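I opened the model to look up a handful of residues and helices. These are my notes, in the order I took them.

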Amino acid sequence: MRIRSLGVIDDAVVELSPGFTAVTGETGAGKTMVVTSLGLLLGGRADAALVRIGAKSAVVEGRIQVPPDAPAAVRAGEAGADLDDGALLISRTVSAEGRSRAHLGGRSVPVGLLGELADDLVAVHGQTDQQGLLRPARQRQALDRYAGAAVSVPLDTYATAHRRLRAVAAQLDELTTRARERAQEADLLRFGLEEIAAAEPQPGEDTDLAAEAERLGHAEALASAATAGHRALAGDPEDPEGVDAATLVAGAHRALEAVRSHDPALAGLADRIGEIGILLGDVAGELAGYADDLDADPLRLAAVEERRAVLTQLTRKYGEDIGAVLAWSERSAARLAELDGDDDRIGELTAEHDALRAELAGLAQDLTDARTEAAKRFADAVTAELAELAMPHARVTIDIRQTEDPEGIEVGGRPVAFGPTGADDVELLLAPHPGAQPRPIAKGASGGELSRVMLAVEVVFAGSAPVPTYLFDEVDAGVGGKAAVEVGRRLARLAKSAQVVVVTHLPQVAAFADRHLVVEKTNDGSVTRSGVQAMEGEDRVRELSRMLAGQEDSQLARAHAEELLEAARTGL
């Protein structure tokens with residue numbers, strides 16, 4: 001990796017051994033930035049605070065050897081990235097404003113793609129992971145990861161059924177808790193529909209009745225006006241001498257007809273006057289008929305007004321006119337059918353709810369059985385690893401239990417609480433020596449013991465789901481003496497089958513490394529390219545002496561350092 005402007009590091013190149021690489025240095029020199037750099041290359045969260053003060057951006061570039069048929073290489077190829085002589089070239093840039101860019105094989109890619117590759121390339125284990133494993137939920141995740149498909153397959157099925165159960169339960173809760181409101185709504189709708197049905201309004205009826213009421217209310221005036229109009233057009237039989245429009249127009253028409261042959265223009269006017277006469281006759285006839293048909297019937301007027309009052313009651317409640325009332329009736333009938341169907345829906349959901357609970361009970365039992373079987377193998381494997389880490393009498397067990405809950409599902413013949421991952425509470429127990437009562441590792445393990453338990457767990461994972469590279473960030477905290485030697489030896493053995501990178505403060509661990517890198521501060525507090533150095537020969541002895549006694553030139557420390565190196569060479 002090449003690291004530029006990241007934290008205290010100005011510009012440094014980190015070349016890692018294919019086997020075991022130890023990274024050491026004084027506190028604050030920037031050892032953890034090696035871990036941070038690798039995290040950025042593998043899609044970790046970018047933070048503007050990582051950018052070195054005064055720099056515009058931090059850049060991390062890495063070269064990772066991968067077989068062409070490895071999943072990471074295939075996925076990179078799908079994204080358009082090319083391998084460079086069997087290696088993936090990865091670059092990550094973080095600006096001082098916090099913006100992040102990623103490149104893979106010379107192609108710009110989403111940062112999320114780097115995260116997808118990470119699971120197949122590197123397992124990172126740091127102090128935060130160590131604290132995380134103290135939580136039972138993380139311990140269950142670790143067990144499930146170790147169990148593999150035996151747990152993951154039924155767990156996926158269980159999780160799907162559990163999500164459906166929650167959705168059904170939410171619908172049931174909504175239907176049952178709002179039963180009173182829905183009943184009140186149904187009653188109101190039913191009353192309104194019955195009122196409308198009793199009135200039997202017809203489309204446009206309110207408009208027609210309004211017009212009829214207007215006509216009946218002014219029947220006498222309308223009849224008088226129609227009669228006067230008829231007389232003006234056709235004459236009054238009681239006044240033979242009277243002049244009417246029809247007579248005058250007829251006279252005009254006769255006068256023009258007499259001379260129409262002399263001028264075509266005048267003939268046209270004569271024709272038009274003739275048409276007027278015909279129209280006057282038609283209108284006069286219709287006026288006479290209108291006056292004869294008009295009936296000033298008080299009883300009919302009363303009936304119309306009574307019907308209008310009924311319709312007004314409807315429009316006051318349900319719409320601005322009868323058309324709107326009928327539309328409300330249609331919508332309300334559909335809503336009432338929906339509300340009346342809630343009882344049937346509740347029955348259907350209740351049946352589905354019961355069936356899902358029964359299904360979950362069976363799936364939860366399958367998960368418990370699979371976890372119980374895997375727990376025995378996992379605990380035995382971790383115990384065996386602890387024997388290699390200077391804890392020969394320690395015994396790890398995994399407690400799988402359920403919590404009784406009257407409202408739960410039936411597992412093992414009793415109702416127990418359940419959640420999205422099953423009904424099991426998983427807890428890692430440690431008995432550090434014979435006769436000791438197994439206790440949760442959060443309570444029963446010292447700092448050094450916890451570090452070794454964590455390392456043992458990670459080594460077991462390496463055997464069940466190996467990845468090419470393992471990075472450990474000071475997971476040997478709290479370990480010293482012979483235990484530290486055994487930690488170094490076990491990491492060296494792991495490095496026989498994988499690349500192992502360890503950031504450590506323990507000389508006993510660093511002595512087992514195939515490559516020993518030292519991160520050194522310069523006077524101005526930065527780490528330059530020359531500040532990350534590979535220690536060999538006398539330089540390595542001096543660094544181990546510093547780690548042992550804080551004195552590079554102490555003869556006793558040098559002798560101890562040489563002894564550690566010799567023991568590491570011959571102790572594998």
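**Entry 1: Ala-324**

I looked up Ala-324 and found it partly exposed, at 25% relative accessibility. My cut-offs: buried is under 20% relative accessible area, exposed is over 50%, and partly exposed is in between, with a 1.4 Å probe and protein chains only. This is a predicted model, so local features need pLDDT of at least 70 and side-chain atom pairs count only at pLDDT 80 or more, while totals for chains, interfaces and linings use all residues. Residues are numbered from 1 along each chain as its sequence is written, and side-chain values use heavy atoms, with hydrogens and water left out.

Ala-324 sits in helix α13, residues 322–340. Helices here are DSSP runs of H or I with at least four residues, strands are E runs of at least two, and both are numbered from the N terminus. Beyond four places in sequence, Ala-324 touches Tyr-318 and Gly-319. Contact means heavy atoms within 4.5 Å. I also checked Leu-314, 10 residues away along the chain: its C-alpha is 9.9 Å from that of Ala-324.

**Entry 2: Thr-312**

Next I went to helix α12 (residues 298–318), which holds Thr-312. Thr-312 counts as partly exposed because its relative accessibility is 36%. Its side chain reaches the backbone oxygen of Arg-308 at 2.7 Å. I then looked at Asp-206, which is 106 residues from Thr-312 along the chain, with 8.4 Å between the C-alpha atoms.

**Entry 3: helix α11**

Does the length of α11 agree or disagree with what its 30 residues should span? It agrees: at 1.5 Å a residue, helix α11 (residues 264–293) should span 44 Å, and its end C-alpha atoms are 44 Å apart. The expected span is 1.5 Å times one less than the number of residues.

I listed the buried residues of α11: Ala-267, Ala-270, Gly-274, Leu-280, Ala-284 and Ala-291. They pack against α9 (219–234) and α10 (245–259).

Asp-263 caps the N-terminal end of α11, with a side-chain oxygen 3.1 Å from the backbone nitrogen of Ala-265.

**Entry 4: Ala-234**

I followed α9 to Ala-234, which lies in that helix. Ala-234 is partly exposed, with a relative accessible area of 39%. It touches Asp-244, Ala-246 and Ala-284, leaving out residues up to four places away in sequence.

**Entry 5: α5 against α14**

How do the axes of α5 and α14 cross? Helix α5 (residues 136–147) and helix α14 (residues 342–387) have axes that come within 9 Å and cross at roughly 95 degrees. The two are therefore roughly perpendicular to each other. Axes are lines fitted to C-alpha atoms, for helices over the stretch in contact, with angles from 0 to 180 degrees between N-to-C directions. Angles under 35 degrees count as roughly parallel, over 145 as roughly antiparallel, 65 to 115 as roughly perpendicular and the rest as oblique.

From α5, Arg-140, Leu-143, Asp-144, Tyr-146 and Ala-147 make the contact; from α14, Arg-371, Ala-374, Ala-375, Arg-377, Phe-378 and Ala-381 do.

**Entry 6: Glu-385**

I stayed in helix α14 for Glu-385. Is Glu-385 buried or exposed? Glu-385 is buried, at a relative accessible area of 13%. Outside four places in sequence, it is in contact with Ala-456, Val-459, Val-460 and Arg-490.

**Entry 7: His-516**

I ended in strand β16 (residues 515–519), where His-516 is found. At 1% relative accessibility, I count His-516 as buried. Its side chain makes a polar contact of 2.8 Å with that of Thr-24, and another of 3.5 Å with the side chain of Arg-540. A polar contact is a pair of N or O atoms within 3.5 Å; within protein, one must be able to donate a hydrogen and the other to accept it, and residues adjacent in sequence count only if both atoms are side-chain atoms. Residues touching His-516 from beyond four places in sequence include Ala-22, Gln-533, Glu-543 and Met-547.
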